[in-house]
Amino acid sequence: MSLTGAFTNAILPILGVAVVGYLLARTTDIDVGPINTLGLYVLIPALAFHSIATTTLGGGEVLKLGVGVVGYALLMIAIAWGVGRLAGESGPLLGALMLAAAFPNSGFVGIPLSGFAFGEVGRTTAVIYLTIQNLVVYTLGVYIASNGSDSGVLDAATEIFRLPLLYAIVAGVLARGLGLVPPTDSALMETVGLVGDASIPVMLLILGIQLAETNVSVISRSLAPSALKLVVAPLVGFGLALALGFGDPTVAKVFVLECATPAAVIPLALTIEYADDTTVDGITAPEYLSTTIFTTTVASVAVLTVLVAVLQAGALY
């Protein structure tokens, strides 16, 4: 696919809805909290259950995907630590750098993008990627955000068990394993699918609203993590996809695409919750991370357009 086609078919729909959310936040006093809760507790779990219950992916591909997600996070953390130390970063800012590099926005950006670019298989793969990543975020991610505090990890690790997403995935797997999945054209599955499909525009609206609330006055400090996320991350994703040898080419391509999405929002919330508010060179860890999210999200429009075109043209397989 050409660059124009990749942008029009995969990037433009995402950009258009996110811009609506951005403008909405700039012109009204909208509260993103209830919308985020709706997506987190209802819409995304419905999408996850429907995707898993109706997917054609085999267990071997899911296992490789899990190894890939964990391996990607560990590699990017190690690379970011080395770059941060060379740049003289330490403490909370070094932790923010590692979080920005290691955890892509596989939910708000990745799921819609993968769906537009690679259809149903793409969306299902992205949902599984997000679920596995959440397990890593709420353990290793919290450890980094809390600057090595074991108590922070223990408290936050239980958070994943309070989120419906995990149980929706388990329910979908059990329903498939026991042969209890209703026909896809039944009223129940069509209703669940309809609710799940609503998560796509809602996630993009939330993304736009969050970007509108970002303080970009210290954007120059986000250059190092942005470079890691926009340049190094896709290369690491490519390498891991080739090493893992996915049987389904589409799963491999979506894995690379997910790795290349901009910095995720969840680590920002964890940094606000668990990191101290120490100011280093005029910036705190949450400010450092939020500007990185903004920078990588805006710059990823060009990067992801090229990547989608390359992947759809047959890269990897």
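**Exercise 1. What share of the residues in the protein chain is buried?**

Start with the cut-off: buried means under 20% relative accessible area, with a 1.4 Å probe and protein chains only. The chain has 317 residues, and buried ones make up 53% of them. This is a predicted model, in which local features need pLDDT of at least 70, side-chain atom pairs count only at pLDDT 80 or more, and totals for chains, interfaces and linings use all residues. Residues are numbered from 1 along each chain as its sequence is written, and side-chain values use heavy atoms, leaving out hydrogens and water.

**Exercise 2. Describe the largest nonpolar core.**

Step one: define it. A nonpolar core is a set of buried Ala, Val, Leu, Ile, Met, Phe, Trp, Tyr and Cys residues joined through side-chain atoms within 4.5 Å. Step two: count. The largest one has 96 residues, and Phe 255 and Leu 257 have the most contacts inside it. Step three: find the main contributor. Helix α5 (residues 110–145) gives the largest share, 16 residues. Helices are DSSP runs of H or I, at least four residues, numbered from the N terminus.

**Exercise 3. How do the axes of helix α2 and helix α7 cross?**

Take α2 as residues 32–54 and α7 as residues 164–177. Their axes, lines fitted to C-alpha atoms over the stretch in contact, come within 8 Å and cross at roughly 20°. Therefore α2 is roughly parallel to α7, a term for angles under 35 degrees. Now list the contact (heavy atoms within 4.5 Å). Residues making it include Leu 40, Tyr 41 and Ile 44 of α2 and Leu 165, Ala 168 and Ile 169 of α7.

Note on methods
Buried means under 20% relative accessible area, exposed over 50%, partly exposed in between (1.4 Å probe, protein chains only). Helices (H or I, at least four residues) and strands (E, at least two) are DSSP runs, numbered from the N terminus. Axes are lines fitted to C-alpha atoms, for helices over the stretch in contact, and angles run from 0 to 180 degrees between N-to-C directions. Angles under 35 degrees count as roughly parallel, over 145 as roughly antiparallel, 65 to 115 as roughly perpendicular and the rest as oblique.
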